[in-house]
Amino acid sequence: MPPPLTSAVPSCFAGPPATGATSWAAAGAVAAGAARRASTSEGPPPRRRSIGRIPGWARALAQLVARFYLRRPELAEPIAIRYRTPRAFLGGVLNELAYRFGRSRAPVLLSANLELTNRCNLRCTFCPTADGRMARPRGMMDEALFRRALDGAGPLEFALLFQWGEPLLHPRFAALAADAAARGIRTLVTTNGTLLDDRRIGALLDARLDRVTVSIDGDAATHEAVRGIPLARTKDALRRLVAARDAAGSTTAVDVSMVVAPETERAVESFRREFEGTVDRVQTIPLLVRGERRTRCREPWRGGLVVLQDGRTTVCCVDHDGELAVGDATKERLVDVWNGPRMRALRRAHVTGDLPPLCAGCAEYPTDAAAPRFGAPKARP
């Protein structure tokens with residue numbers, strides 16, 4: 001079995017934030033009322049909603065790209081989620097052309113992962129926040145840094161308010177999410193679900209999050225073995241989130257995501273059966289492991305940057321310690337970092353094959369139960 005590198009992560013609108021989105025406490029009554037209406041006949045029936053708000057044309061184009069260009073039909077849904085406006089689709093095409101032709105510049109910065117915290121309340125078995133591999137100090141992203149990053153990013157298509165840690169630990173999560181939404185940026189978050197009480201659920205819905213992904217690792221036995229908490233507790237939080245979302249007529253999509261690893265692979269089918277039809281998307285992603293890469297990776301061209309909680313800016317989720325830092329959001333605009341000297345040098349390294357050690361050792365757990373995300377070769381046996 002290959003040694004783990006990191007646990008997998010994801011890894012993706014206009015108008016002012018709704019009243020009450022600026023703190024966890026302010027939204028408790030909203031969520032409690034929504035949950036009561038969902039579990040009884042009280043109140044009006046839920047309004048019809050557009051799941052994930054993905055236009056039909058974006059789904060159709062994503063299916064064509066996934067099937068005929070990438071030859072990986074299973075990637076149609078994540079492509080549609082990521083590239084669902086004309087600007088995003090055109091930017092994705094231009095960035096892909098830069099990747100194909102080996103250019104050191106990529107035309108469009110489309111997204112940012114903003115790590116609100118690298119602290120976590122769980123100790124998952126294959127996560128660097130828990131097993132000692134993450135050497136950098138733990139902390140919370142300063143609000144001023146969050147806003148500075150968005151101010152200097154240009155017109156982002158979406159912001160994932162997560163990288164490592166549990167983002168709902170940030171006491172100002174709702175306010176920051178609402179700030180991003182007020183700028184016209186789609187906001188997404190991945191959470192372990194342990195903090196999804198009625199108060200926080202109300203705050204998430206008030207903040208107009210586009211998509212909430214809850215991490216679940218297989219069945220009851222594998223989930224508890226990996227995460228140290230009963231699956232029933234996470235399922236209850238997920239049920240209350242979906243019920244409150246539906247009662248409020250919210251357009252927030254709710255997904256579940258599973259990391260496929262040696263200890264969870266046997267539970268993939270039961271995981272799918274459990275959640276298909278109850279959430280908007282059921283995702284499986286392979287565990288990142290140490291391996292050997294000899295080909296370039298799309299990540300430096302894909303259109304996203306990662307801002308760690310201290311402001312260091314890197315390229316992808318593999319870099320849990322900022323080893324590949326290409327900029328500093330406390331001093332630089334993200335649009336300048338995107339084609340800055342360190343980012344261009346990293347792209348040239350991928351073109352020539354002179355990969356940094358972190359990239360050279362990046363691979364994914366080989367499995368038929370999840371599609372590889374980074375196009376890496378199979379891990380060493």
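This is a predicted model: local features need pLDDT of at least 70, side-chain atom pairs count only at pLDDT 80 or more; totals for chains, interfaces and linings use all residues.
Nine strands make up an open sheet, with mixed pairing, in the order S7-S6-S5-S4-S3-S2-S9-S10-S11. At the edges are S7, residues 281-286, and S11, residues 327-328, and each of these pairs on one side only.

Now to strand S2, residues 111-114. Both of its faces are covered: Ser111 and Asn113 are buried on one side, and Ala112 and Leu114 are buried on the other. S2 runs parallel to S3, residues 158-160, and three bridges join them. S2 also runs parallel to S9, residues 304-307, here with four bridges. Take Ser111 as the example: it stands opposite Phe158 in S3, and its bridge partner in S9 is Gly304.

Further along, S4, residues 186-191, pairs with S5, residues 211-215, in the parallel sense over four bridges. Within that pair, Thr190 stands opposite Thr213 in S5. Helix H10, residues 231-248, packs on the sheet and touches S5 and S6, the latter being residues 253-260. The direction of H10 makes about 155 degrees with that of S6.

Last, Thr367. It is located in the segment after strand S12, which covers 362-364. Is Thr367 buried or exposed? Its relative accessibility is 13%, so Thr367 counts as buried, the cut-off being under 20%. Its side chain reaches the backbone nitrogen of Ala369 at 3.0 Å. Setting aside neighbours within four places in sequence, Thr367 is in contact with Val260, Glu265 and Pro286.

Terms used: Residues are numbered from 1 along each chain as its sequence is written. Side-chain values use heavy atoms; hydrogens and water are left out. Helices (H or I, at least four residues) and strands (E, at least two) are DSSP runs, numbered from the N terminus. Buried means under 20% relative accessible area, exposed over 50%, partly exposed in between (1.4 Å probe, protein chains only). A polar contact is a pair of N or O atoms within 3.5 Å; within protein, one must be able to donate a hydrogen and the other to accept it, and residues adjacent in sequence count only if both atoms are side-chain atoms. Contact means heavy atoms within 4.5 Å. Two strands pair if DSSP finds at least two bridges between them. Axes are lines fitted to C-alpha atoms, for helices over the stretch in contact, and angles run from 0 to 180 degrees between N-to-C directions.
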